[in-house]
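Here is a short report on a protein chain. It starts with the surface and the fold, then turns to aromatic pairs.

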Amino acid sequence: MHRYNAVWLLRICGVVAALSLAVIVFAPSWVVAVIGFTVLGGAVATIAPLSFSAAGAIAGGQGQGDVRRIERVDQVVARFNQFNYVGALLGAVLTGVIGSDNLRLGFAVPMVLVLGIIPLASQFAIIRTRADGSSAQESSGRGTTLPRSTSR
């Protein structure tokens with residue numbers, strides 16, 4: 001993440017995801033659609049881990065003891081994950097409902113919605129900010145790593 005920051009990466013992945021969904025929607029054959037799904041999987045695979053890193057960075061807890069900071073990060077990530085599950089369930093259902101007559105239309109909606117990550121990506125700059133100025137980030141930039149507590 002030091003070489004390519006989260007904001008840049010999320011914007012690129014948002015564009016690639018939208019283009020992949022366009023390939024799926026307009027695919028002339030199932031083979032082309034499968035290629036679109038493969039590229040889509042690679043593009044969206046970065047969004048969830050970066051979202052969890054951002055949630056952990058937002059949780060903060062600097063100036064608190066290690067145990068309290070870990071508990072705070074755990075609470076914030078758990079709350080965030082509830083929205084993650086609801087979104088996954090509703091997204092699948094809505095794609096099926098909208099695409100009940102024509103599945104291409106069902107994938108056209110996420111094709112447009114995934115573009116929302118482009119303007120929202122600037123909010124992920126907190127990952128880099130906390131990585132540069134906080135001990136909660138590993139110097140390699142691979143994500144939030146918290147020190148192990150011996151009291152647990």
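The accessible surface of the protein chain comes to about 9400 Å². Carbon and sulfur atoms account for 66% of that surface. The model is a predicted one. Of the 152 residues in the protein chain, 33% are buried.

The protein chain has seven helices and zero strands. Read from the N terminus, the order of elements is α-α-α-α-α-α-α. Take the contacts between residues at least 6 apart in sequence: 66% of these join residues at least 24 apart.

Now the aromatic rings. A search of the whole structure returns two aromatic pairs. The table gives their geometry.

| Pair | Centre to centre | Angle between planes | Type |
|---|---|---|---|
| Phenylalanine 37 and phenylalanine 107 | 5.3 Å | 80° | edge-to-face |
| Phenylalanine 52 and phenylalanine 80 | 5.0 Å | 85° | edge-to-face |

Phenylalanine 37 sits in helix 2 (residues 30–44) and phenylalanine 107 in helix 5 (residues 103–113), so their pair ties together parts that are 70 residues apart in sequence. Phenylalanine 37 is partly exposed, at 38% relative accessible area.

The pair of phenylalanine 52 and phenylalanine 80 also links distant parts of the chain. Phenylalanine 52 belongs to helix 3 (residues 47–59) and phenylalanine 80 to helix 4 (residues 66–98). The two residues are 28 residues apart.

Phenylalanine 80 counts as partly exposed at 29%.

Notes: Residues numbered from 1 in each chain as written. Predicted model: local features only at pLDDT ≥ 70, side-chain atom pairs only at ≥ 80, totals over all residues. Heavy atoms only, no water. Phe/Tyr/Trp six-rings, centres within 6.5 Å; stacked < 30°, edge-to-face > 60°. Helix = DSSP H or I, 4+ residues; strand = E, 2+ residues; numbered from the N terminus. Buried < 20%, exposed > 50% of the residue type's maximum accessible area, 1.4 Å probe, protein only. Contact = heavy atoms within 4.5 Å. Areas by Shrake-Rupley, 256 points an atom, 1.4 Å probe, with all protein chains shown as cover.
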